Amino acid sequence: MKNTFKYLALFAAAATMVSCANEFDDSVEDGDQYEAGEADFSKYVAVGNSLTAGFADAALYLEGQEDSYPAIMAQQFTLVGGGEFFQPLVADNLGGVLAGGVQILPNRLVLAATPDLGPAVLAGTPTTDITNRVTGDLNNFGVPGAKSFHLGAPGYGNLAGVATGTANPYYVRFASSDNATVIGDAVAADPTFFTLWIGNNDILSFATSGGDGNDRNSDDDDDDDDTGVDLDPRTYGSNDITNVNVFASVYSGYVDALTANGAKGALINIPDVTSIPFFTTVPFNAIPLDGQTAAGVNMAYAQYNGGLLAAEAAGFIDSDEREARTINFVAGQNGPVLDDEDLTDLSALGLPNLRQADEDDLIVFTAATVLGTLADPNNPNSVRGVGVPLEDGNVLTRVEQDRIEDAQEAYNNVIAGIAAQKGLALVDARSFLAQVADGGVAFDGGVLTSTYATGGAFSLDAVHPTPRGYAFTANAILEAINAQYGSTVPPVNIGQYKGVQPSNNVQ
């Protein structure tokens, strides 16, 4: 059973896809007359997180920055009076980051062709050192990893805070001073037009950790270390869901600051983070068993199943929960056994919180590396997901998804309300990402989908877009801007941008 859960076929298909990545040679015709409408694009400033920075393949590297959606949009804005667009560019295409000569962040992922197909870390010694601060005019204020409240946090770009986790190494590179704020630096750039896309990480880290955090909107979060509703983000863990009132307060302040000089802009809402390949690549029923093995495993869980019947008879759980928790492997594909903290606590009866995954659960991408492996190399019965429960961080349960969706909806209501109040363009990222996830988007020469590696929209980290995905994003934002301000900024041909990238130079 070991090594059953490899996804080499995906990567083989991806290699084929990569070979066709640059076959599109149509270019945007710029001889037509385009109009700025009611907007002034002479000084465009982009504010946000990793998506705004051009993060891809689990790193920030030069080509990714150059194909970030703000850079692509700025290129199109030059057709309607847009000015130069300066970014805090890193030093190379490796993506790794140094601090005082010591590497603190790994290199990016590539699609390794040999010896095994699959994502692998690109080899090489990076040259981007965060102690070499970028100075001068900037237009892109995207900071990978930033949550909403980070943009207004003094000291977020202070080198001394990197080791303690109070500062962000990417912002350290271009902060105007140790106590500067991202939003302060962006406002100081004096934009005539801006985009603001922040809030994804306020729920994404909770999701990618398999719900291993607290929901700061609810006292009903059943996490063991639950601290309930909290309006002070300084107390938050890295995987917590940000309180909606905190989000609304800081977000409103950012927009007020960015529009104080009369600038127009676009606000981009929060997409459904569970539709990205990180949550859709590994199926919920990833455990294949033959009939004999399934029968043997079921015997091992007979005592647990019997305990559930006793718990039901004693009134501790109802029949629905008893059925949901009953372990029953069959010949064919099966959901892994997992530890679900949201189940009724039956520890007093000596029963753990176990059940099998079902179609409502999302197995995270990184679980593919542990599913089916042995927790104890010397014990053949310690197969993770069968004899040993899959750890909580590997599964995003329905209950955890509901927490994410509730916060996302509330964030998006805030964004929509402020956009309407301020007369700003509202970009429905949730809708355009759903198009990619639900069958894909046709373009000249192909279809852009969210299928891992082969779909073209997402990079090898299964979270961030490829250059082609960023080009699609830029077009969606431009469409909303044109609709709001009567401009006619043309879209780009997304087929001209790369998908996943291969290399044999891996670590």
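Reader: What does Arg398 form a salt bridge with?
Author: With Glu405; the closest N and O atoms are 2.8 Å apart. A salt bridge is a side-chain nitrogen of Lys or Arg within 4 Å of a carboxyl oxygen of Asp or Glu. Glu405 is partly exposed too, with a relative accessible area of 32%.

Reader: Before I go on, what are the ground rules?
Author: The model is predicted: local features need pLDDT of at least 70, side-chain atom pairs count only at pLDDT 80 or more, and totals for chains, interfaces and linings use all residues. Residues are numbered from 1 along each chain as its sequence is written, and side-chain values use heavy atoms, with hydrogens and water left out.

Reader: OK. How many salt bridges does the structure hold?
Author: It holds 14.

Reader: Arg355 and Asp361 meet in one of these. Is Arg355 buried or exposed?
Author: Buried, at 7% relative accessibility. Asp361 is buried as well, at 4%. Their N to O distance is 2.9 Å.

Reader: And what about Arg234?
Author: Arg234 is exposed, with a relative accessible area of 76%. Its side chain meets that of Asp232 in a salt bridge, 3.0 Å from N to O. Asp232 is partly exposed, at 24%.

Reader: Which residues are linked in a network?
Author: Arg216, Asp230 and Asp240 are linked by salt bridges.

Reader: Switching to helices. At what angle do α4 and α15 pack?
Author: About 55°, with their axes 8 Å apart. Helix α4 covers residues 69–77 and helix α15 residues 467–485. Helices (H or I, at least four residues) and strands (E, at least two) are DSSP runs, numbered from the N terminus. Axes are lines fitted to C-alpha atoms, for helices over the stretch in contact, and angles run from 0 to 180 degrees between N-to-C directions.

Reader: What does that angle make them?
Author: Oblique to each other. Under 35 degrees counts as roughly parallel, over 145 as roughly antiparallel, 65 to 115 as roughly perpendicular and the rest as oblique.

Reader: Which residues of α4 make the contact?
Author: Tyr69, Ile72, Met73, Gln76 and Phe77. On the α15 side, the residues include Pro467, Tyr470 and Ile481. Contact means heavy atoms within 4.5 Å.

Reader: How does that contact split by class?
Author: It has 11 nonpolar, 2 polar and no charged residues. Ala, Val, Leu, Ile, Met, Phe, Trp, Tyr, Cys and Pro count as nonpolar, Asp, Glu, Lys and Arg as charged, and the others, Gly among them, as polar.

Reader: Next pair. How far apart are the axes of α8 and α13?
Author: 10 Å, with an angle of about 25°. Helix α8 is residues 244–259 and α13 is residues 398–422. They are therefore roughly parallel to each other. Among the contact residues are Phe247 and Tyr251 of α8 and Val414 and Ile418 of α13. By class, there are 10 nonpolar, 2 polar and 2 charged.

Reader: Last one. Where is Val45 found?
Author: In strand β1, residues 44–48. Val45 is buried, at 0% relative accessibility. Leaving aside neighbours within four places in sequence, its contacts include Asn139, Phe141, Pro191 and Phe194. Val45 and Gln76 are 31 residues apart in sequence and 14 Å apart in space, C-alpha to C-alpha.

How values were computed: Buried < 20%, exposed > 50% of the residue type's maximum accessible area, 1.4 Å probe, protein only.
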